[in-house]
Every structure is written in C-alpha cells, then in structure tokens.
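Have a look at the picture before reading on.

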Amino acid sequence: MHLSRLHKEFPAWIAAGLSGVTSSSGADATQVPLADAGDQTAAAPGAKTLHQSETISEATSETTVEQDLEGLAAKLLIPTLSDCPDSQSRQNLQDKGQFLARQERWSDLSQLIRDADKAQSRTSSGLPEADLLAYGARSDVVNAVEHALQDRNDKSAATTTRTGAKDIGGQKSAGKKSGENPILIEGVMALESLRRDHPRDIYLTAIVALAHIDIAWTWRAAAADESAGKAKREAQMRRSNAHFERATTLLAPLKDQSRDSAFLSAAQCALFAGQCADTLQVADAYGALIDQAPDNPRPMRALGAQMLPRANGSYAALELEARRTAARTQHQWGAGGYTWVYFDAMTIDDQACARVDAKFFLDGLQDILCADPSQEMINLFAAYCAVTLPNGLGINPSADHNRIEISKAARWLVRSHLHELHPLIWAHACQGFDNNARITSPRRFAAHGQVKALQCLAHFFRDEINSGHRVTFTPKGFELLPG
C-alpha cells in the first residue's frame, strides 16, 4: 500500500474519527502526541464510540460541570484562553508534514525537517518544529493503529491473543489468514517501504523509527487495560516490544549523526522508554540532548522520569542528574533545571517527592518564571502546585511534607501572577500530566479543567468572595468589584 492512499482506505468509522482528531488537535494542544525525548508517554486520542451507559454518565457530568462553571464564573472574572498560544502554528506544522507525506513528497519533507533541525526552530512555547513536522508525516499511520485498537467490535487475532505480523521490519505482513486487522500493520509497512526507497536519508529513517515508537506506546497502553484477559495483554506487550525493537534497529546506525542533531538525539532518547539501559548511558544521552537544546524543558522532564528506579535509574541518580542539569542550564533557567527534572518524577513516584530538596525546587520554580513569565508557564506551575501535587496527599506520609511545602506556592502564583486562565493545562494537571489519559471529548476535558481551576481560585480568594466581592483579573493584577 502507498502511504498516500492510507487515509483514503480507512474504514468509515476510522476516517470519521481521524477527521475529528486532525481538525481539533489545536483544541487539545497541551497533549502533543510526539514520541520525542520530552514525551515519554505517547498521547492516545480518546475513543470515539461510547456505550450508551457511558454517554448518559458523561451527559450528566457535563450538565453538572456547566452548572458549576456558571456559578464560579459569576464570582471570578478572568479571561480564558481555550487553546494554547501557539496552537495554530503547531497545527500548521503538523498539517504540512501530513500533506507532504500524503503527496509522497519525501525529499521535500526531509529537507524541511533537516532545515528546522539545523536552525533549531521552535514554536513560541518551545516545541521543536522538526518534531511537529515529523509527527504530522506519520500521524495517519499512528492514528489508524490507535483507533483500530480502540474499536470495541474488533475481534481480530492481533487484538486478542496472537501477535499478528511476524516480521514488522521486513516485507511480511499479516493478512486474513492470521486474523490480523490490516490497519494495524499496513500503514507502518508503507513507511518501511519508503525507507527502503530512501536508504540514505537519515530523517526519513527517523520518521519510521518514531512511528514504531508511537505504535509501541499505543500497544503498551492497550496492554495496561486490566479488564482484558492475561493472554491478550501478553500478546499486546509482545507487539509493543517488537515495535520498540524495530525502532532500535533503525536508529542504531544514526548514533554518530545524532551528536549534531537535536531531532535525532531526541529520537535516540525516546528508545529508553522501551528498554533496560545503564543509568550512566541514559543520563549521558539526555545530557547531550539538553546541551543541544537547553531552552527546551521537555528533555529535562523526561530525564527525571528515566532516572526513577522503575525506569533506568535510582533515587540517588535522580538527585545527581537534577543538580547536574541545574548547573548545565544555569544560563537559561538559573536553578530551574533542578525543578524541571523533578517535575514529572514527583508525580510518578512518591519516594521522589519525599526525597526532593523542596527549597531548591522552589528556588528553581522562581528562576523559571524569571526566565519565562508567560501566562502559559504561570498556569502550568499554578496548576501543578494547586492540583497535581495535592492529589497525592495521604498516599505516602513521608512525601506529604514536601507536597504541602511546594503546594503553598500556588497561592502567590495565583494572587500575584495569574492574569488569564488556560483550562487545558489545568485539565492535564488533574490527570497528573499523563499523556496516556484517554480523552473522549477535548471540549468536556477543557471544561473540567476550567471548573477545577476556578474552584482553586475561589479557594485562594475565599475571604474576598465571602465578604461579597467579585474578583476580576487584569494584566496589572486582580481587582475587587462589588458583588
């Protein structure tokens, strides 16, 4: 199959789902589906088909959310940004990559990614343009697999107990005899075919490898469904491992070129999520990537996740690498490198939260906001301190002290720096910034985030509200209005 025909040959239910994902990705822009070093958990668009009971439940929930939102909005007057500031530029880049892939203009696509990589071009929020172009190029293939795995009516062998295709990297593909759903393999086989047609193009090879990594995460997410049978989950994990192994094989010859390319370095680092590796090797690989793009916090966050004992590190290694990162990025972030490395690690692991140097973390937080005082950054840390960290209170008493100390920063962030609301950031904060969280409706997801944000704001301004005032937020700060 030619990749240019893949999106035309989807079953109708997939085509309808993909059209919604493609057109609305800007509305869910904080969940960027990139298998790069800053996104160790590939994003999984939510299922489009719901059981009737789920539909009724969500309809009831939506009514409650709207009522809560109306009541809070009457007391807290704050501008709300439905999309991320650079959502349109992100979408344009993804659309460009997707268009060139569908037209099979591979040389043009490769050159665009190469130019963006060499120039280290980024969006206003710091996302590498090369990554966005590359994701757009492979999005049809990745989204097709995601939607096929979410199809409740799919009873093919690949999603039940068999492993499907026997040779992901070769010419063999599963067919009707094996019971394989062709959507699960034909897209990636088309990418493999284009790589064989351009064997010396390192950027196209990386796109194919990244597609395998994205698909591996999709299979891994499916295998995490505890309601499925043991045999089915084991089969899904085998598929995930096979895709990680294929990505490793594809990227192995590109290690030398990765030293001068943040795009290729990020792809190499993304492999660590699917393999056991030496702690020092992982730390050095991420250190090299951070040195190439010190302004980008995503590799620092991913480094923290990889330094956890459940991945490829230890608590001692996490602390060491957090301090090393603070030193190597001092010019850009002050002490903020320490904060970025612990940012996700603390939401994943209670012991990491118990061991963090809370004062160092808070010093780094203030340095980050000095370097980037944007409202997107203010919302990110306000939501993290007000929602994400407190959600873990009581689970591990040894971590509670640091959770409480760091969470106190939410009050001054909101009262002194918040001028506008970014609901999607708050919605992701409720999910612990888990990119695997399934989102059935970006609009409802954002509405829940907005309600949670306004509830937090109402708490921080409870004295003013209880005294009969309304609170309005302006670029100069908050003001009180008569009730």
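Predicted model: local features only at pLDDT ≥ 70, side-chain atom pairs only at ≥ 80, totals over all residues.

On the α14 side, the contact is made by L318, E319, E321, A322, R323, T325 and A326, and they meet G337, Y338, V341, Y342 and A345 of α16. Sorted by class, this contact has seven nonpolar, two polar and three charged residues.

**The protein as a whole**

Time to step back. How many helices and strands are there in the protein? There are 24 helices and three strands. The protein has 483 residues, and buried ones make up 55% of them. Now take the contacts with a separation of 6 or more: residues 24 or more positions apart account for 72% of those.

| Helix pair | Angle between axes | Axis separation |
|---|---|---|
| α4 (residues 87-102) and α5 (residues 106-119) | about 155° | 8 Å apart |
| α11 (residues 262-270) and α12 (residues 279-292) | roughly 155° | within 9 Å |

Take α4 and α5. Angles over 145 degrees count as roughly antiparallel, and α4 and α5 are therefore roughly antiparallel to each other. As for handedness, α4 passes α5 in a left-handed crossing. Which residues meet here? From α4 come K96, G97, L100 and A101, and from α5 come W106, D108, L109 and L112. The residues of this contact of α4 with α5 divide into five nonpolar, one polar and two charged.

Next up are α11 and α12. With axes that cross at roughly 155°, α11 is roughly antiparallel to α12. The crossing of α11 and α12 is left-handed. A262, S265, A266 and C269 of α11 make the contact with A285, Y286, L289 and Q292 of α12. By class, the residues in the contact of α11 with α12 are six nonpolar, two polar and no charged.

**Cysteines**

One of the residues just named deserves a second look. C269, part of the contact between α11 and α12, has a relative accessibility of 1%. Buried means under 20% relative accessible area, so C269 counts as buried. C385 is another buried cysteine, at 1% relative accessibility. How many disulfides does a search of the whole structure find? The search comes back with zero.

**Loop residues with a positive phi**

Now for a couple of backbone details. E104 is not a glycine, although its phi is positive, at about 55°. Where does E104 lie? Its place is the loop between α4 and α5, the pair of helices described above as roughly antiparallel. Is E104 buried or partly exposed? With a relative accessible area of 31%, E104 is partly exposed.

F433 is another residue other than glycine with a positive phi, near 55°. You'll find F433 in the loop between α22 (423-430) and α23 (442-460). The relative accessibility of F433 is 13%, and because buried means under 20%, F433 counts as buried.

**Two residues and their partners along the chain**

A206 sits in helix α8 (residues 202-223), and at 0% relative accessibility A206 counts as buried. Which residues does A206 touch, not counting residues up to four places away in sequence? They are L251, F263 and L264. A206 and L251 are 45 residues apart along the chain, and their C-alpha atoms are separated by 6.7 Å.

D372 is found in a loop too, the one between α18 (358-371) and α19 (375-388). At 24% relative accessibility, D372 counts as partly exposed. Leaving aside neighbours within four places in sequence, D372 is in contact with W333 and M377. D372 and S125 are 247 residues apart in sequence, and C-alpha to C-alpha they are 9.8 Å apart in space.

Methods
Residues numbered from 1 in each chain as written. Heavy atoms only, no water. Disulfide = S-S within 2.5 Å. Buried < 20%, exposed > 50% of the residue type's maximum accessible area, 1.4 Å probe, protein only. Axes fitted to C-alpha atoms, helices over the stretch in contact; angles between N-to-C directions. Helix = DSSP H or I, 4+ residues; strand = E, 2+ residues; numbered from the N terminus. Parallel < 35°, antiparallel > 145°, perpendicular 65-115°, else oblique. Left-handed = near helix turned anticlockwise from the far one by under 90°. Contact = heavy atoms within 4.5 Å. Nonpolar A, V, L, I, M, F, W, Y, C, P; charged D, E, K, R; others polar.
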